[in-house]
Amino acid sequence: MEEIRIPTKIYSGNDSLDWLQTLKGKKILMVCDAFLPNTPTLDKIKGEVDGNNDVSIFSDVKPDPPLDNIMEGVEQFGKVKPNVMIGIGGGSAIDTGKAIRFFGEKVYQHKIDEFIAIPTTSGTGSEVTNTSVVSDTKNHTKMPIIKDYLIPDVALLDPKLVMTAPKSVTAFSGLDVLTHSLESLVSRDANTITDALAEKGIDVITHNLVECYKHGDNEAARKIVHEASCAAGIAFNNAGLGICHSLAHQLGANFHVPHGLACAMLLPHVVEYNASHSEEALHKYGAAIKKTGLVSQGMSDRIAVQRIAAKIRQMMVQMDCPQTLRAFGIDPAEAEKKTDVVVADAKKDGTFPGNPVVPTDDDLKAIYDKVIK
């Protein structure tokens, strides 16, 4: 029996923050990116929250949330004892909020009533997923906390909040959406419903992301990409991911490559690998890519896969994204020394089992080798 869960209530549009006006007499803990306090974005969000609520803010959010940093937030959770939490920002902020909830509820034996996610990037899909990825900086590993109750109750998708994102954030987070879409499409737990969401994600990102990068104030393009990010989040939360993410987590943990960029470096190689080792994956990629119009219906699935790999690389060039660790500034010799650790930790990653093909260590090494230099 397949279970398909979409428990989050999703409100989309430039008036979606109006929903916050329904909160009355609550103890609210907001968890937001470090740069958000005293900005128009956070002022706007706070302005929507009724004055009879007691609002506290934890803003010491770091990229790839480290455990010790999260525990500082847990301390604040213990002081506030909130009944509502609001995660505001990119994936790191929303993941930090989820992790503070996870540990805070355990440590203080205090359960919250509601978790609200307000993404300010179009990328991680964390506003609709059961996962919080935290970093163990001492051991250079990333660990996902995966619990269904961590899925936010409400997601507010306001396209205006992403229009001020730096160009690099637009590029990296958008390429993460494309990765979520292409990985969940062929993941082992994929089904007709997740396929529909994944296919739409591929279509939207390949046609709209570069426009968002070049013209960040295009609200119509921002809205459709923001919604596609959410759709891809629902897809992978139900279907799973694969080795692009399990390897990308190691590039983040060992070399501090931003997550979406790490995914994008690996993505064409992983798509080509899966397509060459699984007929089903090849056909699903082919069908989805034909629907985008990137190739005509008469073309073979293999041509379609070549086309999407080329399109990913073309988009990375158009958005000034380095395509290798060397281009990112990592010494190839240092990267090569980490090969065994990267492969071993990728196999332990929670996303690894979803891949349609079980790769050998040599397969993983070959893919990793392609992004070194």
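Visitor: Which is the crossing of H4 and H6, left-handed or right-handed?

Guide: The crossing of H4 and H6 is left-handed. The model is predicted: local features need pLDDT of at least 70 and side-chain atom pairs count only at pLDDT 80 or more, while totals for chains, interfaces and linings use all residues. Residues are numbered from 1 along each chain as its sequence is written, and side-chain values use heavy atoms, with hydrogens and water left out.

Visitor: Why are H4 and H6 called oblique to each other?

Guide: Helix H4 (residues 167–186) and helix H6 (residues 219–239) pack at an angle of about 40°, and their axes are 9 Å apart. Axes are lines fitted to C-alpha atoms, for helices over the stretch in contact, and angles run from 0 to 180 degrees between N-to-C directions. Angles under 35 degrees count as roughly parallel, over 145 as roughly antiparallel, 65 to 115 as roughly perpendicular, and the rest as oblique. H4 and H6 are therefore oblique. The names themselves come from DSSP runs, numbered from the N terminus: helices are H or I runs of at least four residues, and strands are E runs of at least two.

Visitor: Which residues of H4 and H6 make the contact?

Guide: On H4 they are Thr170, Val177, His180, Ser181 and Ser184; on H6 they are Arg222, Ala228, Ser229, Ala232, Ala235, Phe236 and Ala239. Contact means heavy atoms within 4.5 Å. By class, six are nonpolar, five polar and one charged. Here Ala, Val, Leu, Ile, Met, Phe, Trp, Tyr, Cys and Pro count as nonpolar, Asp, Glu, Lys and Arg as charged, and the others, Gly among them, as polar.

Visitor: What makes Thr96 buried?

Guide: Thr96, in helix H3 (residues 91–108), has a relative accessible area of 0%, so the residue is buried. Thr96 touches Val31, Phe58, Val61, Pro65 and Ile70, again leaving aside residues up to four places away in sequence.

Visitor: Why is one side of E1 and of E3 left without a neighbour in the sheet?

Guide: The open sheet has six strands in the order E1-E8-E5-E4-E2-E3, with parallel pairing. Strand E1 (9–12) and strand E3 (54–61) stand at the edges with a single partner strand each, so one side of each has no neighbour in the sheet. The twist averages 15° from one strand to the next.

Visitor: Why is E2 described as largely enclosed?

Guide: Six of the seven residues of E2 are buried, so the rest of the structure largely encloses this strand. Helix H1 (residues 40–48) lies across strand E2 (27–33), E3, strand E4 (84–89) and strand E5 (114–119), running at about 165° to E2. Helix H2 (residues 67–80) also packs on the sheet, touching E2, E3 and E4.

Visitor: What makes E6 mostly covered?

Guide: Six of the six residues of E6 are buried. Thr131, Val133 and Ser135 lie on one side, and Ser132, Val134 and Asp136 on the other. E6 pairs with E7 in the antiparallel sense over six bridges.

Visitor: Why are Thr137 and His140 called partly exposed?

Guide: Thr137 has a relative accessible area of 45%, so this residue is partly exposed. His140, at 38%, therefore counts as partly exposed too. The loop between E6 and E7 holds Thr137 and His140.

Visitor: What is phi of His140 near?

Guide: Phi of His140 is near 55°, a positive value in a residue other than glycine. Most residues other than glycine have a negative phi. Asp320 also has a positive phi near 55°, and this residue is exposed, with a relative accessible area of 61%.

Terms used: Pairing = 2+ DSSP bridges. Left-handed = near helix turned anticlockwise from the far one by under 90°. Buried < 20%, exposed > 50% of the residue type's maximum accessible area, 1.4 Å probe, protein only.
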